[in-house]
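Please put the sequence and the model up on the screen. I will go through some of the packing, starting with a ring and a charge.

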Amino acid sequence: MRAWKFGNDIDTDAIIPGRFLTIYDPAELAKHAFEGTRDEFAKGAREGDVVVAGTNFGCGSSREHAPLALLGAGIRVVVAESFARIFYRNAVNTGLLPLICAEAGEIRDGDTVSVDIGGGFIAVNGKQFAVESVPGFLQTIVEAGGLVAYAKNLDEVETCSTK
């Protein structure tokens with residue numbers, strides 16, 4: 001997986017500009033991901049690439065379009081020093097895995113990154129960097145493909161009794 005490196009305070013408008021919020025298809029959104037911020041991303045991102053950032057990734061509005069655009073571009077994991085709270089939850093809810101790594105700043109653009117969730121680290125050019133564990137319930141949602149897919153697989157639970 002190749003790293004696409006970004007800095008601090010990358011807001012949702014940088015990830016997917018507001019003028020594209022009438023689009024809901026992740027593949028179509030991906031064509032405009034980072035438009036005006038890093039134009040080569042939309043044409044260059046490949047399945048399995050990783051977005052790497054500094055602090056406060058995904059700040060700004062609460063649009064779900066931002067993680068959807070990344071998913072449409074083939075990104076399944078975002079590694080950052082920290083995330084804006086609402087982006088973190090929107091990422092999980094759409095099936096994008098947000099990983100917090102205090103050493104994300106050491107990763108360079110184009111580096112090869114592999115993720116070992118079970119081991120609690122990412123490997124970058126032979127070095128291992130610890131990542132914070134993702135709570136099991138949230139990881140289950142991501143693995144299901146997002147909250148809607150997760151909920152579709154739930155068995156109906158009877159909540160009332162006629163006794």
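Arg-38 sits over the face of Phe-6, 5.5 Å from the ring centre. A charge counts as over a ring if NZ of Lys or CZ of Arg is within 6 Å of the ring centre and within 35 degrees of the ring normal.

Before going on, some notes on the source. This is a predicted model, where local features need pLDDT of at least 70 and side-chain atom pairs count only at pLDDT 80 or more, while totals for chains, interfaces and linings use all residues. Residues are numbered from 1 along each chain as its sequence is written, and side-chain values use heavy atoms, with hydrogens and water left out.

Next, the core. How many residues are in the largest nonpolar core? There are 53, and Phe-34, Phe-57 and Phe-87 are among those with the most contacts inside it. Such a core is a set of buried Ala, Val, Leu, Ile, Met, Phe, Trp, Tyr and Cys residues joined through side-chain atoms within 4.5 Å. Buried means under 20% relative accessible area, exposed over 50% and partly exposed in between, with a 1.4 Å probe and protein chains only.

Now the rings. Phe-6 and Phe-34 belong to one aromatic cluster with Trp-4 and Phe-41. Rings of Phe, Tyr and Trp (its six-membered ring) pair if their centres lie within 6.5 Å; planes under 30 degrees apart are stacked, over 60 edge-to-face, and the rest tilted. By this rule there are nine aromatic pairs. One of them is Phe-57 with Phe-83, edge-to-face, at 6.2 Å centre to centre and 90° between the planes. Phe-57 lies in the loop between β2 (50–53) and α4, and Phe-83 in the loop between β3 (77–80) and α5 (85–94), 26 residues apart. Helices (H or I, at least four residues) and strands (E, at least two) are DSSP runs, numbered from the N terminus.

Is Phe-57 buried or exposed? Phe-57 counts as buried because its relative accessibility is 0%. Phe-83 has a relative accessible area of 12%, so Phe-83 is buried too. Phe-57 also pairs with Phe-87: the centres are 5.2 Å apart and the planes at 85°, so this pair is edge-to-face.

Last, helix α6 (residues 136–144). Its buried residues are Leu-138, Gln-139, Ile-141 and Val-142. Why do they line one face? Down the axis of α6 they fall within an arc of 155°, so they line one face of the helix; the arc is that of the directions from the helix axis to the C-beta atoms. The face turned away from the buried side carries exposed Gly-136 and Glu-143.
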